[in-house]
Amino acid sequence: MDGISETNGPSADNAADALKNAPQNAPIIDPFGRSISYLRVSVTDRCDFRCVYCMSEDMTFLPKQEVLTLEELDRVCSAFVRLGVQKLRMTGGEPLVRRNILWLFERLGRHLESGALKELTLTTNGSQLARYADDLYRCGVRRVNVSLDTLNPDKFLAITRWGKFDKVMEGLEAAKQAGLAVKINCVALKGVNDDEVHRLVEWCGEEGFDLTFIEVMPMGDIGNEERLDQYWPLTMVRGELAKRWTLEDSDYVTGGPARYVTVQETGRKIGFITPLTHNFCESCNRVRLTCTGTLYMCLGQDDAADLKTPMRAHADDAPLDDAIREAITRKPKGHDFVIDRRRGAKSVARHMSVTGG
Ligand code: SAM
Ligand code: SF4
């Protein structure tokens with residue numbers, strides 16, 4: 001897939017003007033008519049794992065003073081909810097290693113109670129879930145995405161470098177006991193977990209989990225690992241699955257990059273997130289906030305907006321709301337992820353742990 005991003009044309013400029021003049025509290029709609037209803041928040045860039053496709057082993061993390069406080073994260077998330085965001089996902093880095101993170105979930109729970117927010121959720125590596133699952137449920141979380149690329153403990157250690165497989169299994173059990181619906185996120189890695197896809201589908205069926213396969217995305221320097229070697233197109237994963245399972249196309253849509261099928265034999269859903277082989281941008285309803293208060297309007301583009309400065313400069317929220325509205329006028333039509341030998345594999349310099357995937 002080659003560059004699909006386009007600069008804003010004349011009609012986009014008109015839409016941008018209309019957006020800037022929109023009344024306060026009008027829902028945020030971008031120049032391409034997409035309503036922004038979903039915010040993903042990277043609450044920390046730190047992590048207790050060092051997954052080979054995500055980080056190098058000697059990652060340098062941000063100095064703590066650059067990171068938004070939990071109070072500031074609450075303030076900026078609440079601004080988005082005021083402007084029409086209905087779904088918030090906490091991610092990272094590993095969201096559950098941030099100190100006092102439960103405070104943020106508790107605070108944001110008020111927007112669920114008021115009905116302004118429809119869903120509060122998180123993506124986690126599962127290492128701390130045994131400790132937090134009950135409390136997360138109490139705060140209003142009902143679903144959680146847990147990243148797990150293999151059911152083999154040795155491979156798990158090789159992929160995550162620092163992860164403890166048993167802790168993740170305990171975490172998954174705790175999530176189930178707490179009543180949280182679980183979706184497993186699995187990055188498809190050629191030569192690593194390509195022999196396990198059938199077992200993963202079977203296991204998710206047994207456990208009552210949905211499953212999403214993700215293509216490796218070209219983000220950030222990851223040291224010696226070679227993305228061209230890791231890349232395994234999901235068209236091939238799907239082809240492999242179809243040899244053993246009856247996959248029924250599903251009309252389940254989330255406004256996100258996944259396309260879903262239902263596995264007839266297990267009754268569970270499988271999603272395929274294919275940024276490299278499928279253009280999902282036309283229905284994109286989301287933006288991403290980093291833990292330093294930078295808003296990325298597209299996972300695959302570098303343009304961003306600073307929300308920390310207007311937030312810290314003013315006690316009232318109007319300048320923050322204006323900065324969010326202005327940023328949305330710059331949401332691009334699409335991304336330009338490319339993995340090919342001609343252009344190399346890194347098309348976005350920041351790591352996934354910065355924007356949280
Ligand atoms: N630490 C949490 C976790 O692992 O679930 C949340 C943050 S992690 C960055 C979010 C998701 O991004 C995970 O499912 C992870 O597998 C995925 N991810 C990280 N780097 C990736 C890459 N280069 N390509 C595709 N997916 C990636
Ligand atoms: Fe940590 Fe998640 Fe990245 Fe793995 S994918 S290193 S768990 S942030």
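The model is predicted, so local features need pLDDT of at least 70 and side-chain atom pairs pLDDT 80 or more, while totals for chains, interfaces and linings use all residues. Residues are numbered from 1 along each chain, and ligands are numbered from 1 in the order in which they are written.

The largest pocket has a volume of about 300 Å³. A pocket is an open set of points on a 1 Å grid over the protein atoms alone, where a 1.4 Å probe fits, with protein on both sides within 12 Å along at least five of seven lines. Its volume is the space filled by probe spheres set on the points. Lining residues have an atom within 4 Å of a point. Among them are Asp45, Arg46, Lys64, Arg98 and Arg99. By class, the lining has five nonpolar, two polar and five charged residues.

Helices are DSSP runs (H or I, at least four residues). Their axes are lines fitted to C-alpha atoms over the stretch in contact, with angles from 0 to 180 degrees between N-to-C directions. The axes of α2 (residues 70–82) and α11 (residues 318–328) come within 10 Å and cross at roughly 65 degrees. The two helices are therefore roughly perpendicular (65 to 115 degrees). Their crossing is right-handed (near helix turned clockwise from the far one by less than a right angle).

Helices α3 (residues 101–114) and α4 (residues 129–138) cross at roughly 20 degrees, their axes within 9 Å. This makes α3 roughly parallel to α4 (under 35 degrees).

Methods:
Heavy atoms only, no water. Nonpolar A, V, L, I, M, F, W, Y, C, P; charged D, E, K, R; others polar. Parallel < 35°, antiparallel > 145°, perpendicular 65-115°, else oblique.
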